[in-house]
Amino acid sequence: LFNRSEKYIDLKEYIKNFEGFRIEKTHFKIGTKIHSEDFYYAKRLFQNSFYTTRMAMLLAIKIKEELRDTTEKVLLVGYEMYSELLLSLTEKFLKYLGFEDEKVKHFIMQNDDENFKFLPDTTFKTFLKEYRTNRTVIIVPIAATGSTIKKVESDIKREILRYEKIENKKAEQDARKLAESYSFKLRYIILLA
């Protein structure tokens, strides 16, 4: 598709053969009991602003319909770096729809060798200080099961537990009650594979 000077020979042919969205007739293990004949490489889909902008618009409208009160703090939580564009755009459209600028934020949970970290770190630390006043919306761009959302929820609750014990000097039992009682307002899986 490219010649030696790296110019397109046939742009339509390049787009037609662009790799990354679907690999057919293969065997892909999603979990311990789930297997698929097709593999969907959705990172490319969610890192393409052409598609992601439209998804973010629809998601922002849906979130506004569900939450209604545009004066409350809203925190969008995504999973892995490929959700960053979707979250950034959704945040932008929520502000456009009337949510107050300083009250809509987002962060992502990223898997780092089975240790999860939250980025940007400053947004996550602010969330921990104010978690009781946030309406938290979890957005997972693509999932095969509902376990990803459960993983995000349990890791955030684990961090709330740790925060309450260390920063607020709560007893284990009191900190655990606070963490377990934390409620996530909305949960979305954009594509279910």
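Visitor: Which residue of strand 9 is the bridge partner of Ile139?

Guide: This is a predicted model, where local features need pLDDT of at least 70 and side-chain atom pairs pLDDT 80 or more, while totals for chains, interfaces and linings use all residues. Residues are numbered from 1 along each chain as its sequence is written, and side-chain values use heavy atoms, without hydrogens and water. Strands (E, at least two residues) and helices (H or I, at least four) are DSSP runs, numbered from the N terminus. Ile139 has as its bridge partner in strand 9 Tyr188.

Visitor: What is the strand order of the open sheet?

Guide: Strands pair if DSSP finds at least two bridges between them. Strand 8 and strand 9 run parallel, joined by six bridges. The sheet has five strands and mixed pairing, in the order 7-6-5-8-9.

Visitor: Which are the edge strands?

Guide: An edge strand here pairs on one side only. That holds for strand 7 and strand 9 (186–192).

Visitor: Why do the buried residues of helix 5 line one face?

Guide: Buried means under 20% relative accessible area, exposed over 50%, partly exposed in between (1.4 Å probe, protein chains only). In helix 5 (residues 121–130), Thr123, Phe124, Phe127 and Leu128 are buried. Seen down the helix axis, with directions taken to the C-beta atoms, they line one face because they fall within an arc of 140°.

Visitor: Where in the protein chain is confidence lowest?

Guide: pLDDT is the predictor's confidence in each residue, from 0 to 100. The chain mean is 85. Helix 4 (residues 84–96) is highest, at 96. Lowest, at a mean of 57, is helix 1 (residues 11–16).
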